[in-house]
Amino acid sequence: MSSSDRSRRGRPEFRTAAEAVAMIDAGATVAIGGSGGGLLEPDTLLRALGNRFRETGSPAGLTLVHTTGIGDREGGGMDHLALPGLARRIIAGNWGMAPKMSAMAAAGEFEAYNFPQGVMSQLFRDIAAGRPGVLTHVGIGTFCDPRLEGGRLNDRTTEELVEVVNLRGQEWLLYPSLPIDVCFIRGTTADEDGNITSEQEAARLEMLAIAQATRNSGGLVIAQVKYVAEGGSLDPRDVVVPGMCVDVVVVNPEQRQVVTHEYNPAFAGATKAALSSLPPFPLDQRKVVARRALREIADGDVVNLGVGIADGVAAVAAEEGWVEDFTLTIEQGLVGGVPARGVIFGVATNPVAILDQPAQFDFYDGGGLDICFLGFAQIDRAGNVNVSKFGGRIIGTGGFVNISQNASTVVFCGTFNAGGLQAVPADGSLDIRVEGRHRKFVGTVDQVTFSAAEARRRGQRVLYVTERAVFELGPDGLVLIEVAPGVDPQTQVLDPLGNGVKVADPLTVMDKEIFVDRPLGSAWRTTGTAGS
């Protein structure tokens, strides 16, 4: 199908995956929808594209663009395309779900960029609308700022894409638009006219924006679905991508909702599951962090939960029966319910609303979050945080930059160190039996994903919660404000940190109930420091 043919779109062509990816030319820019754990992932198309390149060496030199981490950390998703020569450049919001592709980026096998997930999701709307790019405050003072690294991830990546723009007396960052030649999107059902619905999907992400951006770039829109319906039979209220934006449909009747479930109706909002059916969260060092962090939520708060240890906050709230007291959200567009943990983070059990991802980030960027809970890989004494690049590994920021810059209160959650840590909670205290091998509190972070100086300028309240201690961001950096019962603050907290960390007077002991293996009870949040 030529570009001129696509300008006179009629009904889409129904092709096999191999036939569809054969339509991609060398050097094309390919946008890929989807999120981690198989969420809306066009896996059949990714696998077919990888197979074509292995067999023919074509199409080579692609520019790949995707918003979130796509994969399962076990060879799926973007790792289908982790083949030398296939990509010339990749611009992504997250890299952590595709470790092979991440390792290739770290080795400099292609040009690699990491921009905030919210920016990436919004960028497709701006491409569709013919705007020059995303003009935003998001990323200022972080590694995405061109005065630091400009989102560039290796020495091979030399072109500066992000610009600093002064407008109306304020600094902004401009992330530029680019034309899209081909896109892969996914839904549940396509009718014969190419209208796409997502009734079995657990999110919408930016499928519409990607399709519109590609359509208005004169590109080729390829949609993967599970079912085919008669033309005109779909409820128009359910259509997420109209047929006028779809060129090719590929059907995979074995398509799974996510990698762990063929189809869970509670993820798609088709039924409401009993929360008692969720797996239990055993009392360990991770649960201690989640319990202490949860105390910061006030009734009525709008909350974001990040991936990793921070997602345990939802699990504790669910088992305590508190999920109706505030609104949990995740950046993939889910509002309400209980966000899932692990590889399928990005879906929720019993969501009350499923929004397009760009709209969720509009709300976040404008200050809609009262509080957020995010993980960390490194924290320095100044209070800067790194989650994106450390120890030679590229993980990427995901939604971290958008969320941490714009929530009123930011709570970073993680263990004090990593790599074999055994910190055992029991009978109201914490017993540190084995220290972790890897330090997470460092002199200087490898990459600035969260800028403490910018947070102070914005007037944000910032906490750093670990299993043994709680810190807050003070005027000059970290301030130790709490220690766990059973922990020696000097030898087990301050000495490993080195000089430069101040200590609050008085230094408070963390609530002993956090370290006891029983429910916290309905009065626990109201008798503590929630929302203070």
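**Ground rules.** I worked on a predicted model, where local features need pLDDT of at least 70, side-chain atom pairs count only at pLDDT 80 or more, and totals for chains, interfaces and linings use all residues. Numbering starts from 1 along each chain as its sequence is written, and side-chain values use heavy atoms, with hydrogens and water left out.

**Sheet.** I looked up the strand order (strands are DSSP runs of at least two E residues, helices of at least four H or I, numbered from the N terminus; strands pair if DSSP finds at least two bridges between them). Eight strands make an open, parallel sheet, ordered E1-E15-E12-E9-E2-E3-E4-E5. Strand E1 (13–14) and strand E5 (111–114) are the edges with a single partner strand each, so one side of each has no neighbour in the sheet. I found five bridges between the parallel E9 and E12. Cys183 has Val221 in E12 as its bridge partner.

**Helices on the sheet.** I noted that H3 touches E2, E9 and E12, among others, and its direction makes about 140° with that of E9 (contact is heavy atoms within 4.5 Å; axes are lines fitted to C-alpha atoms, for helices over the stretch in contact, with angles from 0 to 180 degrees between N-to-C directions). Helix H6 (residues 207–216) touches E2, E9 and E12, at about 155° to E9. Just after H3, Gly57 has a positive phi of about 75°.

**Gly139.** I placed Gly139 in the loop between strand E6 (133–136) and strand E7 (163–167). Gly139 counts as buried because its relative accessibility is 0% (buried is under 20% relative accessible area, exposed over 50%, partly exposed in between, with a 1.4 Å probe and protein chains only). Beyond neighbours within four places in sequence, its contacts include Cys144, Tyr175 and Gln405.
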